[in-house]
Amino acid sequence: MQDDVVIRVVAKVMIPAVMLFALYVQFHGDYGPGGGFQAGVIFASAFVLNAVVFGLNKGRHVWPAHYNLMGICGGVLIYGFTGVAGMAFGENFLSFNVLADDPIAGQHLGILLVEFGVGLTVAAVMVMLFFTFAGRLSHNRLLSKSDAHERRLAPKSSPSKEVTK
Amino acid sequence: MSGFLVNASLIALLALIAILALRLHRLFAVVMLSGAFSLVAAAQFVVLDAVDVAFTEAAVGAGISTVLALATLSLVPAEEKPHSISLVPAFLATLTGLLLAVAVTDLPNFGDPKAPIHNHVAPEYIIGSEQAIGVPNIVTSVLASYRSFDTFGETLVVFTAAIAVLLIIGGYTRAPRRAKGKRKGSQDAG
């Protein structure tokens, strides 16, 4: 779709707006509808749109593969450690009252961190799912020649190492 | 009356889309219909004042899962395989549907203040969340604070599913291992 100037220009305008809206949904979830799950999905859809319009390689350039595991694990860890922080201050797991000086501020901080963890995990999972599925597609049909060559070589090279052992 | 009309037309639209999706064999149209189904369901949730659920349904159901289904669609044939209706599953599905329809008559009326679900912990959430948590959106305070364990579990489910997808089709270690396995297999055979 890179040749279509309308789609390209509209996508360029839309992608920052989508990401900004995702951040709004993420951090405004305390006051209006929204929260980590929705914000994560919307944030991921910006990267999916980027990859759909400008091609998988440019999409991977913006979101490299190692972001996947960092985001997926990082979000769960942020959530978990927010819970453990409550234990460190002598309360139960995931009790936010003790995170700040007064309980309300603690709750606000805890909810913010927890929602951020959820959003990070969901965003990374969604982008990862799209790239993984689309990657299989390009593996079969659309892969650029050099890339395909490398991938085809990869499984063959390991048995030859085995032989030398 | 207008509320009834809106609800009835939305439900009828949902049923229509579901039947169309069942009858069509072109998978592209089915994916588009499932996106439309999610969008109509989101509208229904808005009518029921469940904006958070509607938001999730619109973002996940109509948005990202349609994209993922389209990505999957490019890997599979465009048409569903023709198959005849088998009797036993059809009978079981009809029976289950009838049982559920009978069970619905036992449910309390919609919005009934005496319904058990509105008298267990919900009053405490609605009255107490202002003082205890101070977040205007009660859905967020329930989701992230009162039921933080639940949400942690959900996040872990998403995490586990993602790791499973990565392990199965992510291609991290797949190609070398399979080659090794084949090689071993051939050596065993030889």
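Does B:Asn109 count as buried or exposed, and how many C-beta neighbours does it have inside 10 Å? B:Asn109 counts as exposed, because it has 8 such neighbours. Here a residue is buried if 20 or more other C-beta atoms lie within 10 Å of its own, exposed if 12 or fewer, and partly exposed in between, with C-beta atoms placed from the backbone. B:Asn109 sits in the loop between α4 (87-104) and α5 (122-132) of chain B. Helices are DSSP runs of H or I with at least four residues, strands are runs of E with at least two, and both are numbered from the N terminus.

B:Leu107 is found in the loop between α4 and α5 of chain B. B:Leu107 counts as exposed, because it has 9 C-beta neighbours inside 10 Å. From B:Leu107 to B:Ala42 is 23 Å, C-alpha to C-alpha, and 65 residues in sequence.

**About the model**

This is a predicted model, in which local features need pLDDT of at least 70, side-chain atom pairs count only at pLDDT 80 or more, and totals for chains, interfaces and linings use all residues. Residues are numbered from 1 along each chain as its sequence is written, while chains are lettered from A and ligands numbered from 1 in the order in which they are written.

**Chain A**

Chain A has six helices and zero strands. Its pattern along the sequence is α-α-α-α-α-α. Of its 165 residues, 40% are buried. Two residues are in contact if their C-beta atoms, placed from the backbone, lie within 7 Å. Among contacts in chain A between residues at least 6 apart in sequence, 64% join residues at least 24 apart.

**Where the chains meet**

In the interface, 47 residues of chain A are in contact with 42 residues of chain B. On the chain A side, α2 (36-54), α4 (65-88), α5 (103-142) and α6 (145-164) each give two or more residues. The largest share, 21 residues, comes from α5(A). This side of chain A divides into 28 nonpolar, 15 polar and four charged residues. Ala, Val, Leu, Ile, Met, Phe, Trp, Tyr, Cys and Pro count as nonpolar, Asp, Glu, Lys and Arg as charged, and the others, Gly among them, as polar.

**The core**

The largest nonpolar core has 61 residues. Such a core is a set of buried Ala, Val, Leu, Ile, Met, Phe, Trp, Tyr and Cys residues joined through C-beta atoms within 7 Å. Elements of both chains give two or more residues to it, including α1 (5-27) of chain A and α7 (148-169) of chain B. The largest share, 17 residues, comes from α5(A).

A:Met126 is among the residues with the most contacts inside this core. Leaving aside neighbours within four places in sequence, A:Met126 is in contact with A:Gly40, A:Val41, A:Ala44 and B:Ile64. In chain B, seven of the nine residues of α6(B) are buried, so this helix is largely enclosed by the rest of the structure. B:Val139 and B:Leu143 are among the buried ones.

**A helix pair in chain B**

Helix α2 (residues 27-47) and helix α3 (residues 51-73) of chain B have axes that come within 7 Å and cross at roughly 175°. Therefore α2(B) is roughly antiparallel to α3(B), a term for angles over 145 degrees. Axes are lines fitted to C-alpha atoms, for helices over the stretch in contact, and angles run from 0 to 180 degrees between N-to-C directions. The residues of this contact divide into 16 nonpolar, five polar and one charged.

Key:
Parallel < 35°, antiparallel > 145°, perpendicular 65-115°, else oblique.
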